[in-house]
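Work through the following exercises with the sequence and the structure at hand. Each task is followed by a solution in steps.

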Amino acid sequence: MTRQLFATRRCFVQGLAAGAALGLAGSWPSRLLAGAGSGEPVELSGTDFNLEISEVPVNYTGRASIATAVNGQVPAPVLRMREGDTVTLRVTNKLHEPTAIHWHGLILPPEMDGVPGISFPGIAPGETFTYRFQLRQAGTYWYHAHTLHEQTGLYGAIVIEPRHSHGRATADRDYAVVLSDWTDEDPLQVYLNLKKLGSYYNYGLPTFSGLADDLSRLGMSRTLARRSMWNRSRMNPTDYSDVSAATYTYLMNGSAPAENWTAIARSGERVRLRFVGAGTATFFDVRIPGLKMTVVSTDGQEVEPVEVDEFRIGPGETYDVIVRMPDERAYTIFAQSMDRTGFARGTLAPNVGMQAEVPAPDSPVWLTETDMMGAMAGMTDMPGMDMGKPARHARTEYGPGVDMRVDYARTNLDDPGVNLRNNGRKVLTYADLRSVGDAHDRRAPEREIELHLTGNMERFEWSIDGLKLNDAKPIHFRQGERLRVILHNDTTMTHPMHLHGMWSDLEADARFQVRKHTISVQPAQRVAFAVTADAPGRWAFHCHLLYHMAAGMFREVVVA
């Protein structure tokens, strides 16, 4: 039965249940795999790559476990390439089950995209699959399994150098910083636990002692009003993440917080940090206390520089920042999980062994009315407000698989998100991001496709328009057309939505804002992006939270 959960006709994972039976022959410290302490993750460069996927023993938590590695490394080696080159990547599967590698954010032929059941059958045990494609872009990207092996370590950074340097955002040092989450549990068991109870790993649920604290802090009327809304809706006010530090250890370049991965930088140097959001179920909030960060790129695409104290990176996203070292001291690179249950941590310093104070995670706050009701939340404060027409919900949204529908979703892009609002720091928002130059395709969209992100949180059912992948027909784009995709989030969770094979031009008020390949849609929010359907073939479109994708928040897109 467990194998059937992930092996249906068009599902993206195939034959994964065997991983639960792996034996352990021993272990060595994870820092030996990740190169922690050196500041120099293993790198491969050129146009010809041989990558071997295999099992390796690791120990991140004091308990021996098995990871999925590339060339013996977790994370996988950083691949450095050059824009315009044609690259050949021979991937050999030494595992006991099928696997695959997806080149996240790269524009390439569909048969090279690496999604089992969509673009190719996957890589069988003992087989080698050769990926070959031309690099049509520059910037920071990444690669990862499109199976549950992503949770067990199969991910790594890609750096594509521009063919012609333009001198912008230059740096003296350059580091990839891969943020991820590790669990000693088998990923299939994590999924089954969530299916039993959506809040299985949420230890921050409202309690009686919390009620007493609220009464003393807020008073009787405000406390009862605050709790009654969530009780009536049968929703969870702390449902930020499906999986928490109850089982996760958060990693920076494969190093647990105590291992203190270190990037070397001297006083006066400019350092480029290429952050990769490789969390399977984790949004990270990143800051370097004592230093400003200048964001210069997102998802590999240059943006007008914006200086911030902190930014949120979702699974699938990448952000490049520039920092200037003011002195010879150490500075902590701090990446706390969105639910505030834990953090990844490293150090920026002149020498290995130096460290700075590590801040405690911020205190979490409850989701708000806005996170549940969207623009409707403001109606009680502003009677008579013109809310426009309510959303149109597909008939497929009405059923046991959908426990919430938002009629008046908010459209603002200037909200940093839950647990980042009003924290006293300058936090990046999508409204701050503006691509350098205009959209590559200036045509107005010819038509619109609206999709609702739906689910039943307690039953851990996730879908689009109330339909899971195997119950839904493909979405059709007409080859060559310019269209607008509207995403309407009917849930209280943030979903990082990733369209394969084509760019997503995020819009603000129907105008081009920033080019991305992964767009995080906040609770009760409605966002729009334009797409040029210039890539004929079959493509994946899905939430990049791994277990949401596994549960069905996934569509096939056909361009013809």
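A polar contact is a pair of N or O atoms within 3.5 Å; within protein, one of them must be able to donate a hydrogen and the other to accept it. The model used in these exercises is predicted.

**Exercise 1. Describe the surroundings of Arg410, and state which side chain joins that of Arg410 in a polar contact of 3.0 Å.**

Solution. 
- Step 1: Arg410 belongs to the loop between α6 (369–373) and β21 (447–456).
- Step 2: The relative accessibility of Arg410 is 6%. Buried means under 20%, so Arg410 counts as buried.
- Step 3: find the partner. The side chain of Gln522 makes a polar contact of 3.0 Å with that of Arg410.

**Exercise 2. Determine how many cavities of 30 Å³ or more the structure holds, and characterise the lining of the largest cavity.**

Solution. 
- Step 1: count. A search of the whole structure gives five cavities of 30 Å³ or more.
- Step 2: take the volume. The largest cavity holds about 240 Å³ of space.
- Step 3: identify the lining. It consists of 20 residues, and those nearest the centre of the cavity are Arg312, Pro416, Tyr430, Ser520 and Gln522. Gln522 is also the polar partner of Arg410 from Exercise 1.
- Step 4: sort the lining by type. Nine residues are nonpolar, eight are polar and three are charged.

**Exercise 3. Is Arg482 buried or exposed, and which side chains make polar contacts with the side chain of Arg482?**

Solution. 
- Step 1: Arg482 lies in strand β24, which covers residues 482–489.
- Step 2: apply the cut-off. Its relative accessibility is 4%, under the 20% limit, and therefore Arg482 counts as buried.
- Step 3: list the polar contacts. The side chain of Arg482 has a polar contact of 3.0 Å with the side chain of Asp505 and one of 2.8 Å with the side chain of Thr532.
- Step 4: The C-alpha atoms of Arg482 and Ala533 are 6.4 Å apart, although 51 residues separate the two along the chain.
- Step 5: widen to all contact types. Among the residues that Arg482 touches are Ala439, Asp441, Arg443, Glu446, Ala530 and Val531.

**Exercise 4. Which residues touch the most other members of the largest nonpolar core?**

Solution. 
- Step 1: the largest nonpolar core has 127 residues, and Trp103 and Phe477 touch the most other members.
- Step 2: helix α7 (residues 546–551) supplies the largest share of this core, five residues.
- Step 3: a second, separate core has 18 residues, including Tyr60, Ala67, Tyr155 and Ala157.
- Step 4: for Phe477, the contacts beyond four places in sequence include Ile449, Leu483, Val485, Leu499, Met502 and Val531.

**Exercise 5. Find the backbone exceptions at Asn71, Pro75 and Asn419.**

Solution. 
- Step 1: recall the expectation. Most residues other than glycine have a negative phi, and most peptide bonds are trans.
- Step 2: examine the loop between β3 and β4. Asn71, in this loop, has a positive phi of about 55°. Asn71 is partly exposed, at 33% relative accessible area.
- Step 3: stay in that loop, where Pro75 also lies. The peptide bond joining Val74 and Pro75 is cis, with omega about -5°.
- Step 4: move to the loop between α6 and β21, which holds Asn419. Asn419 has a positive phi of about 70° and is buried, with a relative accessible area of 8%.

Notes: Residues numbered from 1 in each chain as written. Predicted model: local features only at pLDDT ≥ 70, side-chain atom pairs only at ≥ 80, totals over all residues. Heavy atoms only, no water. 1 Å grid on protein atoms, 1.4 Å probe; cavity = no way out; pocket = protein on both sides within 12 Å on 5 of 7 lines; lining within 4 Å. Points joined across faces, edges and corners; volume = space filled by probe spheres on them. Nonpolar A, V, L, I, M, F, W, Y, C, P; charged D, E, K, R; others polar. Helix = DSSP H or I, 4+ residues; strand = E, 2+ residues; numbered from the N terminus. Buried < 20%, exposed > 50% of the residue type's maximum accessible area, 1.4 Å probe, protein only. Core = buried A, V, L, I, M, F, W, Y, C linked by side-chain atoms within 4.5 Å. Contact = heavy atoms within 4.5 Å.
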